[in-house]
Amino acid sequence: MAIAERTEQTTQGELLAKADRFLAGGGLGLFTLPPDVNLVIREGHGSHVTSVAGKEYIDYHLGSGPALLGHGHPAVTEAVSAQLPKGTTFYFLNEHVLRLAERLVEAVPCAEQVQFTGSGTEATFFSLRVARSLTGRPKVMKLEGGWHGMHDYALWGTVPARPSDYPRAQPDSTGIPPSIGEDVLVAPFNETELVVSLIERHAHELAAVLVEPLQRVLKPEPGFLEALRDVTRRHGIVLVFDEIVTGFRIAWGGAQERYGVVPDLATYGKAMAGGFPMAALAGRAEVLAPLDARRTERTNLAWASGTLNGNPISAAAGNAALDVLSQPGVYERLQRTGARLRRGIEESGRRHGFPTQALGEDAVFGVRFMENEAPRTWMDLQAHDKALGLRWGVELLERGLLVNPNEKFYVSIVHSDEDVDRTLEICDAAFRAVKAAG
Ligand SMILES: Cc1ncc(COP(=O)(O)O)c(C=O)c1O
């Protein structure tokens, strides 16, 4: 019997049991859905995915963001299919990756050049290395609640339950050497005065300030990113925007375009590669100079190599995705879809008596249940009712919305008006169910 047929006949329960047995933690990383609503996905088309149990979902997780064009977009499928028989990886230059580099430089305000990487984690990790190499300073600053992937410098003060002892913070993961904490300063997002004073106090030893300009679901207050820009420029510190979520999502030119602040360096991933694995650092040529083995003494070189860095399949997918995204009206429509969802979910939740907020941007937002209508910092967000968020999320999953409870809603350019209508009906029914359960 063919493998495909055997899989068809295997029940979802059996596959989930296999996941438990063969995958560390029963899943693919940190996040697993509660057992009652856990699923194995068989296929995805546009804004919908279907589980092996035959249940259809409207997808608001979109692979954690990359599937901005929806699943199996014909332009991406065609570009990848055309490259597949011509070779899948070369390590050497190929036309697709050069075109993608050119596209990034056209689109990203801070970019004169790019360096490709395999994942977002690598991109933020290398951005800090480049900054240290450039400045000769050892330390980096990140903002409390900022998510930059899984490397040892990123996992400090990412999800603290209590305020950090700024600029000291606790590691998020075990297995990180405490000595790394000496070189990672953490400051509270949106607390402009405090952040600026910490940067000024540590300027002589600070190589980089790494920030998600839209920090998870928190928007930057007017003036916050500008203040970071100003103080880092004055002290010769490399300002890095992590645009792995916001890049090509909240605007063609990402957060730099939307918020009008241009960093020295930015990291891109997710939507940039049309749902395929690839990420990048983008910045001014002088900032990326430490990577240039032709012009830099070997002793001053910053290493950022990777076997799949210029992968032609991912680059072909990225180019096809960017072609679609660059068409007129795409972002207006995406924002309209997200705005309708946000407004509808908030109205529905409040109708049922829940203090519901859809925080963030229209193209990516998070639903939180909390009285404070204007959370500014990671600590403000800690007041949200996580148990309620989980119960509501489980009700959504049961009714056919694919979401990661208490995380984000990612909107695609192919979510239709009918999808939104159905989504809002499901959200309403889920609120009713949570309320009835008391
Ligand atoms: C803002 C941000 N930066 C970096 C990363 C890490 O990217 P990757 O999962 O590709 O390593 C993520 C992943 O979700 C992210 O959201």
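**Exercise 1.** Across which strands does helix H5 (residues 120–135) lie, and at about what angle does H5 run to S7?

*Solution.* The model is predicted. Helix H5 lies across S4, strand S5 (139–144), strand S7 (206–211), strand S8 (238–242), S9 and S10. Relative to S7, the helix runs at about 150°.

**Exercise 2.** Determine the order of the strands in the open sheet, and name its edges.

*Solution.* Step one: seven strands make up the open sheet, and their order is S4-S10-S9-S8-S7-S5-S6, with mixed pairing. Step two: strand S4 (113–117) and strand S6 (184–188) are the edge strands, each pairing on one side only. Step three: from one strand to the next, the twist averages 25°.

**Exercise 3.** Describe the pairing of S9 with S10, then identify the strands touched by helix H4.

*Solution.* Strand S9 (residues 265–268) pairs with strand S10 (residues 279–283) in the antiparallel sense, over four bridges. Within this pairing, Ala266 is opposite Ala282 in S10. Helix H4 (residues 95–107) packs on the sheet and touches S4, S9 and S10. The direction of H4 makes about 125° with that of S4.

**Exercise 4.** Classify the packing of helix H7 against helix H8.

*Solution.* Helix H7 (residues 192–202) packs with helix H8 (residues 224–234) at an angle of about 15°, and their axes are 10 Å apart. Angles under 35 degrees count as roughly parallel; H7 and H8 are therefore roughly parallel to each other. The crossing of H7 past H8 is right-handed. In the contact, Thr192, Val195, Val196, Ile199 and Glu200 of H7 meet Phe224, Ala227, Leu228, Val231 and Arg234 of H8. By class, this contact has seven nonpolar, one polar and two charged residues.

Technical notes: Residues are numbered from 1 along each chain as its sequence is written. This is a predicted model: local features need pLDDT of at least 70, side-chain atom pairs count only at pLDDT 80 or more; totals for chains, interfaces and linings use all residues. Side-chain values use heavy atoms; hydrogens and water are left out. Axes are lines fitted to C-alpha atoms, for helices over the stretch in contact, and angles run from 0 to 180 degrees between N-to-C directions. Helices (H or I, at least four residues) and strands (E, at least two) are DSSP runs, numbered from the N terminus. Angles under 35 degrees count as roughly parallel, over 145 as roughly antiparallel, 65 to 115 as roughly perpendicular and the rest as oblique. A crossing is left-handed if the near helix is turned anticlockwise from the far one by less than a right angle, and right-handed if clockwise. Contact means heavy atoms within 4.5 Å. Ala, Val, Leu, Ile, Met, Phe, Trp, Tyr, Cys and Pro count as nonpolar, Asp, Glu, Lys and Arg as charged, and the others, Gly among them, as polar. Two strands pair if DSSP finds at least two bridges between them.
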